[in-house]
Amino acid sequence: MTGIPDYVGPCAFGIEMGVLLPGCDLQSQVIEALEEVVEDGFLTDGDTICLTESVVARSQNNYVTKAEIAQEIREGCTLTPEQTIGVVFPITSRNRFVPILAGISRAVPDGKVIVQLQYPTDEVGNRTLPPEVAAELEAETDDHITTDDLDRRYPHPITEIDYIQLYRETIAEEGAEPTIFLSNDPERILEYQPDAVIVSNVHEREKTREAVAAYHDNVLTLQELANDETNDAWSEWGLLGSNMSSGEKIKLAPRRADQFAVELQERIDDEFDKQVHVIINGDGAYKDPSSGIYELADPCAVFGATPDLEDTLRGGVKYKFLVDKYHEEEKSREEISEILAAEAEEHHVESSIESEGTTPRQLQNIIASLADLLTGSADAGTPLVLVKGITGSSND
């Protein structure tokens with residue numbers, strides 16, 4: 001092969017890497033995977049290398065256990081086994097939150113766990129109640145819906161999981177007494193007089209914490225758990241971005257992902273004399289128009305990136321608008337092509353007519369979302385993604 005043809009525009013390729021085990025030398029395995037890419041002429045200056053956060057965390061052996069979470073909560077919140085924990089606004093997810101909820105519940109095996117869910121959807125769009133049912137019950141209950149107010153079960157419309165029942169069973173399996181209710185007011189949890197409150201939403205966590213902490217002095221967010229860097233396993237994101245693993249283990253988000261990205265960038269330069277960008281990507285930052293689910297259950301789409309991508313908006317001009325504009329001015333196809341090529345080299349502020357209609361987005365979030373679409377939740381076996389033509393790379 002001799003690289004990508006000149007007529008190909010921006011594109012991305014999933015690169016197979018085989019089985020990646022905990023504690024592996026991930027950077028060396030990336031280099032090994034890229035050797036064939038380089039031989040085929042696919043890797044050029046300006047390309048972006050994306051790695052899923054999960055394989056970076058796996059290579060770091062970044063796992064904690066439910067028992068460790070329970071112990072940290074007991075110590076951090078000074079709880080005894082018979083006390084009560086409030087859990088505010090968790091997302092409804094088997095792989096994301098059920099293992100965490102088990103750890104929280106294990107902290108008070110002789111006590112109570114009160115879970116407050118949002119409705120009609122959680123923070124990332126997973127439905128907890130049908131909208132019409134939610135509207136009716138909100139009016140009847142003054143935004144405090146208990147399980148006694150529900151005339152039947154309302155499973156998730158896609159997974160068909162009854163998360164209220166699942167969360168109740170998860171708590172009970174750890175010995176604690178479960179109570180689950182729905183309200184969009186975070187202060188409602190205080191009516192249950194919890195001894196500690198774990199703020200469990202992702203993107204609005206600080207806003208939720210501020211509301212609860214105004215009336216309660218024992219409040220933690222998920223980011224404050226499993227984030228002690230003196231431990232073998234930790235992340236600056238704490239339990240945010242964590243995921244189920246086997247048995248008792250929970251895989252954390254990677255730690256110091258920015259540092260990993262820079263080191264990998266330097267390694268690729270040393271090995272292949274190629275200057276590339278590197279991103280450690282999480283969930284894609286997009287919303288599915290059919291289900292209404294916002295994919296970003298991670299705290300961010302980009303856990304780490306090389307500084308060359310920092311705070312960069314994707315540039316460009318409104319191609320369709322300019323073609324129509326110059327066509328109306330009776331310019332030829334060749335003339336329009338030349339003008340567009342020149343316009344592309346110019347910098348246009350976001351408010352300019354040339355850029356009108358181009359949504360201002362962080363470049364690294366766009367690339368990370370593209371990479372996530374290729375790898376996906378089902379894991380296509382391609383945790384390494386090569387992105388070309390978006391950050392000015394050449395196809396020569």
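This is a predicted model: local features need pLDDT of at least 70, side-chain atom pairs count only at pLDDT 80 or more; totals for chains, interfaces and linings use all residues.
Trainee: Which strands does strand 8 pair with in the parallel sense?
Mentor: Strand 4 (residues 84–88) runs parallel to strand 8 and is joined to it by four bridges. Strand 9 (residues 219–221) also pairs with strand 8 in the parallel sense, over three bridges.

Trainee: Which residues stand opposite each other there?
Mentor: Ile-85 is opposite Ala-196 of strand 8, and Ile-198 has Leu-220 in strand 9 as its bridge partner.

Trainee: How does the chain cross from strand 8 to strand 9?
Mentor: The chain passes through helix 7 (residues 205–213), and this β-α-β crossover is right-handed.

Trainee: Turning to strand 7, what are the senses of its pairing with strand 5 and strand 6?
Mentor: Strand 5 (residues 112–117) pairs with strand 7 (residues 177–182) in the parallel sense over six bridges, with Leu-117 opposite Leu-182. Strand 6 (residues 145–146) runs antiparallel to strand 7 and is joined to it by two bridges; Thr-146 stands opposite Phe-181.

Trainee: What is the order of strands in the open sheet of three?
Mentor: The order is 3-11-10, with antiparallel pairing. Strand 3 (63–65) and strand 10 (243–244) are the edge strands, each pairing on one side only.

Trainee: Which helix packs on that sheet?
Mentor: Helix 3 (residues 66–76) does, touching strand 3 and strand 11. The direction of helix 3 makes about 70° with that of strand 3.

Key:
Residues are numbered from 1 along each chain as its sequence is written. Side-chain values use heavy atoms; hydrogens and water are left out. Two strands pair if DSSP finds at least two bridges between them. Contact means heavy atoms within 4.5 Å. Axes are lines fitted to C-alpha atoms, for helices over the stretch in contact, and angles run from 0 to 180 degrees between N-to-C directions. A crossover is right-handed if, with the strands pointing away from the viewer, the path from the first strand over the helix to the second runs clockwise.
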